[in-house]
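Student: I have a structure open and some terms to sort out. Can we go through what each one rests on?

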Amino acid sequence: METTAELVIFWIFAIPLLLTAMGVVVARNPVYAAMNLVAAFFFMAGIYVLLAAHLIALMQILVYAGAVMVLFLFVIMLLSTGEEHRERERRRVMQYVGAIGAVSLFAVLVAAIARVPDSAMGALAQPDRFGTVKAVGQVLYTEYLLPFEVTSLLLLVAIVGAVVVAKEKI
């Protein structure tokens with residue numbers, strides 16, 4: 001990102017992205033946390049558009065903000081019936097652990113970015129077909145075929161597990 005307008009637009013998406021990501025960690029209600037995550041997905045899609053990866057931005061909104069989060073909300077609503085009082089103390093501890101993890105991750109990112117020389121930032125030019133359907137499909141089905149298939153199997157196991165857990169509650 002070289003121009004000032006791109007930097008301004010980047011920060012317009014980046015700051016709300018960080019705030020909504022923090023909202024996911026600190027929200028007391030899991031539904032609010034899920035809604036913060038949906039907002040974070042939209043802001044992340046804006047950053048993908050800034051990087052000229054329009055396909056990935058569209059997939060981010062359709063797959064993650066749409067399908068995956070709807071599944072998460074169904075599971076949250078099915079599983080959190082009357083157990084909120086018992087979970088409150090455990091959730092508070094998890095919030096502290098999450099906050100410490102977020103601060104640690106932020107410190108590592110700042111340290112890593114500070115170590116990158118300025119000359120290397122100019123060398124990060126995007127390939128000609130970056131973010132196109134053909135480029136993403138070619139990389140996904142050649143170089144990353146095994147992780148792609150393992151991920152789909154993992155999602156299937158998660159869906160079956162959620163159905164089994166929810167079935168006991170119904």
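Tutor: Start with helix H1, residues 4-26, in this predicted model.

Student: What makes the reach of H1 close to the expected one?

Tutor: H1 has 23 residues. At 1.5 Å a residue, 33 Å is expected. From its first C-alpha to its last, H1 reaches 33 Å.

Student: Which residues of H1 are buried, and what do the buried residues pack against?

Tutor: Ala 14, Leu 17, Thr 20 and Gly 23 are buried. The buried residues of H1 pack against helix H2 (30-50).

Student: Now H3. How do you know that its span agrees with its 26 residues?

Tutor: At 1.5 Å a residue, H3 should span 38 Å. Its end C-alpha atoms are 35 Å apart, so the span agrees.

Student: Where does H3 bend?

Tutor: At Met 69, by about 35°. Met 69 is also one of the buried residues of H3, along with Leu 55, Ala 57, Gln 60, Ala 65, Val 68 and Leu 73.

Student: What do the buried residues of H3 pack against?

Tutor: Against H2 and H6.

Student: Why does Gln 60 count as buried?

Tutor: Gln 60 has 8% relative accessibility. Buried means under 20%. The value falls under that cut-off, so Gln 60 counts as buried.

Student: Which residues is Gln 60 in contact with, leaving aside its neighbours within four places in sequence?

Tutor: Phe 41, Met 44, Ala 45, Tyr 48 and Ala 65.

Student: Next, empty space. How is it found?

Tutor: Rolling a probe the size of a water molecule over the atoms shows where empty space is left.

Student: How much space lies in the second largest pocket, and which residues lie nearest its centre?

Tutor: About 640 Å³. The lining has 20 residues, and Met 59, Tyr 64, Val 136, Leu 140 and Phe 148 lie nearest the centre.

Student: Which helices supply at least two residues of that lining?

Tutor: H3 (54-79), H6 (133-142) and H7 (145-169). H3 gives the most, with six residues.

Student: What classes of residue make up the lining of the second largest pocket?

Tutor: There are 15 nonpolar, four polar and one charged.

Student: Last, the whole chain. How many helices and strands does the chain have?

Tutor: Seven helices and zero strands. From the N terminus on, the elements run α-α-α-α-α-α-α.

Student: What share of the chain's residues count as buried?

Tutor: Of 170 residues, 16%.

Definitions and conventions
Residues numbered from 1 in each chain as written. Predicted model: local features only at pLDDT ≥ 70, side-chain atom pairs only at ≥ 80, totals over all residues. Heavy atoms only, no water. 1 Å grid on protein atoms, 1.4 Å probe; cavity = no way out; pocket = protein on both sides within 12 Å on 5 of 7 lines; lining within 4 Å. Points joined across faces, edges and corners; volume = space filled by probe spheres on them. Helix = DSSP H or I, 4+ residues; strand = E, 2+ residues; numbered from the N terminus. Nonpolar A, V, L, I, M, F, W, Y, C, P; charged D, E, K, R; others polar. Expected span 1.5 Å × (residues − 1). Buried < 20%, exposed > 50% of the residue type's maximum accessible area, 1.4 Å probe, protein only. Contact = heavy atoms within 4.5 Å. Bend = angle between axes of the 7 residues up to and from the residue.
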